[in-house]
Amino acid sequence: MSTLRVDNLRGQTADGTNRYVVQVVTTHKTDRFTTTSTSYTDITGATATITPKSSNNKVLVTVNAHLGNNAANNGTHVILLRDGTEIGSGTGAGSYNMFLGLIAQSTSHVSGCSNSFLDSPNTTNAVTYKLQMKASNGTASLGGRGDSTAVQMPTAITLMEIAQ
């Protein structure tokens, strides 16, 4: 009888290159964050850092969050930054380009939001991704309702280094 033991097995993609997940880093923020600022402000605990193994590799950034605001028709805006530089936002002509967003329908409105961005950090140094948030009016909330601490939901930032 034969025994096959494999410590590491990687296949090639159709174009002949090895593309696979090198490492995964995730951050879970389990509490609610609110702001009344109309300028982007750091969201406490909404950061994740990864050190790519190769400068050619890409980093897939995925954010899953719940957004709210304390009044109907008020907006909550979230942007993603890599080492202080905004990435992944819309590029329209308006001033409301963002990574995640919500216009509240009522004071108790909470909506699940998610987005992904495939980044090319081009480095083997540690790279920090973080979220910032602002309110167009009222109290913007990440992780729950804008008007109540009774509802709190987790926020996840997942970083996956993809070999190129």
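**Chatting about β9 and its surroundings**

Trainee: How many bridges join β5 to β9, and which way do they run?
Mentor: Seven bridges join β5 to β9, and these strands run antiparallel. DSSP has to find at least two bridges between two strands for them to pair. A strand here is a DSSP run (E, at least two residues), numbered from the N terminus.

Trainee: Which residue of β9 is the bridge partner of His-77?
Mentor: That is Lys-134.

Trainee: Before we go on, where does the model come from?
Mentor: This is a predicted model, where local features need pLDDT of at least 70 and side-chain atom pairs count only at pLDDT 80 or more, while totals for chains, interfaces and linings use all residues. Residues are numbered from 1 along each chain as its sequence is written, and side-chain values use heavy atoms, with hydrogens and water left out.

Trainee: Thanks! How many bridges join β3 to β9?
Mentor: Six, and β3 and β9 run antiparallel too. As an example, Ile-50 has Val-127 in β9 as its bridge partner.

Trainee: Why is β9 largely enclosed?
Mentor: Seven of its nine residues are buried, so the rest of the structure largely encloses β9. Buried means under 20% relative accessible area, exposed is over 50%, and partly exposed lies in between (1.4 Å probe, protein chains only).

Trainee: Which residues touch the most other members of the largest nonpolar core?
Mentor: Leu-100, Tyr-129, Leu-131 and Leu-159 do, out of 26 residues in that core. Strands that each supply at least two residues of this core include β9 (127-135), β3 (41-50) and β5 (75-82). A nonpolar core is a set of buried Ala, Val, Leu, Ile, Met, Phe, Trp, Tyr and Cys residues joined through side-chain atoms within 4.5 Å.

Trainee: New topic: where is Asn-57?
Mentor: Asn-57 sits in the loop between β3 and β4.

Trainee: Is Asn-57 buried or exposed?
Mentor: Asn-57 is buried, with a relative accessible area of 6%.

Trainee: What does the side chain of Asn-57 reach?
Mentor: The backbone nitrogen of Gln-164, at 3.1 Å. Leaving aside neighbours within four places in sequence, Asn-57 is also in contact (heavy atoms within 4.5 Å) with residues including Val-22, Pro-121 and Glu-161.

Trainee: And the whole chain, how many helices and strands?
Mentor: Zero helices and 11 strands. Of the 164 residues, 38% count as buried. The C-alpha trace spans about 70 × 40 × 25 Å along its principal axes.

Note on methods. Helix = DSSP H or I, 4+ residues; strand = E, 2+ residues; numbered from the N terminus. Polar contact = N/O pair within 3.5 Å; in protein donor to acceptor, adjacent residues only side chain to side chain.
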